[in-house]
Amino acid sequence: MSAVVVNNVSKVFNVDKPNQVDALAEIELVIEPGEFVSLIGPSGCGKSTLLRLIANLTEPTIGDVLVNGKSAAQARLDQDYGMAFQQAGLFDWRTVEKNIELPLELKGWDKAKRRARAHDMLELVKLPEFARHMPWQLSGGMQQRVAIARALAAHPPLLLMDEPFGALDEMTREHMQVELLQICAATDTTVVFVTHSIPEAAYLSDRVVVMSPRPGRITEIIDVDLGSSRDEDTRESDVFYDSITAIREALRGIEHAAVRGGVDDR
Amino acid sequence: MSLRRVMQAVVPPAIFGLVFVLGWEAVVKGFDLKPYFLPAPSAIWSAFTDNLDLVRSAALVSGENALVGLLVGTLLGVAASFLLMRFQILNELVSPLAIALNAVPIIVLVAVFQNMFASTSEIPRRLMVTLIVFFIVLVNVAKGLRQVHPTHLELMRSYAASPAAILTKTRIPNALPYLFTALKIAAPTAVITAFVSEYFGGRQNGLGYFIPSNFANSKNAVAWAYVIGACLLGLTFYLVSVLLESIIKQSRGAAPGGATT
């Protein structure tokens with residue numbers, strides 16, 4: 001059973017209104033369990049919209065989305081996925097451990113079980129000594145780690161991430177990428193990851209989905225084969241540079257097509 | 001806060017206040033100002049100590065009027081803000097009105113209330129305080145309930161959280177600092193409203209009555225003694241509300257969710 005199946009999906013905002021926007025057109029995408037898939041493309045290519053469709057935070061206009069073999073809506077109700085955003089979005093009024101417990105609380109877990117799981121998750125993201133801290137006492141990178149711990153607290157098979165490292169500095173960002181891969185390997189989680197960064201997509205992904213705007217389409221899917229154990233040296237390997245080049249060229253192709261398209265239209 | 005920081009914050013204004021009072025005393029004595037024009041601080045202080053029981057009982061009357069209005073107004077304001085959150089149409093109708101009313105001197109309505117109740121009733125004053133506090137609390141708390149971080153709402157939706165869970169785990173905690181900010185504004189306003197309402201007529205028992213009546217009887221030092229009482233009462237309300245706000249701020253760090261006025 002595939003982790004995610006996006007079946008001929010189109011998304012139109014403001015249907016039949018003057019400000020109608022064709023956000024996504026005829027998207028076909030199948031993601032297998034354990035895969036790390038990045039969505040990359042220029043602003044307005046609908047990559048976040050695609051992620052939100054998988055999360056059932058918005059509904060497709062045409063087509064359907066299956067998560068874990070169920071409808072996206074049912075998967076959301078069953079909490080089959082965890083989600084992390086660009087902003088950590090921790091609750092100011094909850095301690096770090098209580099933030100991580102929130103999804104478990106909503107699932108009706110009892111307190112002892114919640115607390116034990118929150119502490120396991122803090123071990124996983126290497127912040128065990130910060131359980132009783134308030135979010136504002138943590139740095140941006142630490143907050144984002146708590147957000148990832150929260151997203152994975154219920155051990156969902158799927159993790160959806162919308163530019164989670166976009167607000168972090170480059171050093172922290174690379175460090176977080178290494179940790180994310182370790183966490184995903186340890187928990188056997190499938191990841192769909194939206195990003196603007198070509199090196200980030202190349203470093204993290206098994207496959208990179210390159211998208212073009214107006215309307216959002218998948219133009220190319222690039223396989224990245226950096227081997228199973230990626231580390232800091234991977235960033236200096238030839239395969240890594242080749243992957244970056246391949247993604248960059250796919251994105252350039254979109255730019256050229258867009259310019260030509262623009263000229264043809266006039 | 002270290003002792004040194006406390007000293008730095010407290011000592012300069014204390015010295016300034018002392019110099020001001022001494023200067024006042026010197027001006028009154030030096031230019032031989034008449035007590036009906038401006039009494040000396042020493043005369044005011046002895047009037048204050050001589051009439052301590054009277055000032056205290058008047059302050060308790062005003063304080064009770066302010067406190068009752070503050071509590072009832074806060075309860076009603078919080079209740080109404082939940083209704084505004086629940087019913088968007090109500091929000092569109094009431095919110096602009098509430099904001100406009102906060103900018104209008106609705107205190108004059110106390111004259112209308114005086115007319116509605118017996119002349120011995122404390123209800124008109126308390127009603128006036130309630131009304132003013134109500135709108136301050138309503139505007140702020142409704143904002144806190146509505147202005148929830150979009151990421152928090154998406155997150156709750158991704159957890160398939162029920163509307164009740166979104167309310168208790170997201171909206172209400174988010175609105176809490178807004179409530180305390182509202183109280184910090186409303187508490188001193190409640191005291192001022194109580195004074196002004198007492199001045200407008202009705203029972204002759206509060207600070208708002210005794211200050212002008214003593215001036216009218218040329219007992220200026222005694223009137224000033226009641227002014228001291230009024231200052232102390234206002235400060236008490238303000239300090240308690242600041243203390244409450246600082247407790248919640250401390251638990252949420254330097255940049256809490258609702259650090260707005």
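I began with strand 4 (residues 62-67) of chain A, which is joined to strand 5 of chain A by 2 bridges, the two strands running antiparallel. Since this is a predicted model, I treat each entry as a reading of a prediction. Looking along this pair, I found L66(A) standing opposite S71(A) in strand 5 of chain A.

I then looked up the sheet to which these strands belong, and noted an open sheet of 4 strands in chain A with the order 2-1-4-5 and antiparallel pairing. Strand 2 (21-31) and strand 5 (70-71) of chain A each have a single partner strand, so they stand at the edges with one side left without a neighbour in the sheet. I also followed helix 1 (residues 47-54) of chain A, which lies across strand 1 (4-13), strand 2 and strand 4 of chain A, and runs at about 120 degrees to strand 1 of chain A.

Next I turned to chain B, where I located L131(B) in helix 6 (residues 123-146). Because its relative accessibility is 25%, L131(B) counts as partly exposed. Leaving aside neighbours within four places in sequence, I found L131(B) in contact with I106(B), L109(B) and F113(B). I also looked up L76(B), which is 55 residues from L131(B) along the chain, and the C-alpha atoms of the two are separated by 9.3 Å.

Last, I checked the cysteines. A disulfide is a covalent bond between the sulfur atoms of two cysteines. My search over all chains gave a count of 0 disulfides. I noted that C184(A) is buried, with a relative accessible area of 7%, whereas C231(B), at 45% relative accessibility, counts as partly exposed.

Definitions and conventions
Residues numbered from 1 in each chain as written. Chains lettered and ligands numbered in written order. Predicted model: local features only at pLDDT ≥ 70, side-chain atom pairs only at ≥ 80, totals over all residues. Heavy atoms only, no water. Buried < 20%, exposed > 50% of the residue type's maximum accessible area, 1.4 Å probe, protein only. Contact = heavy atoms within 4.5 Å. Pairing = 2+ DSSP bridges. Axes fitted to C-alpha atoms, helices over the stretch in contact; angles between N-to-C directions. Disulfide = S-S within 2.5 Å.
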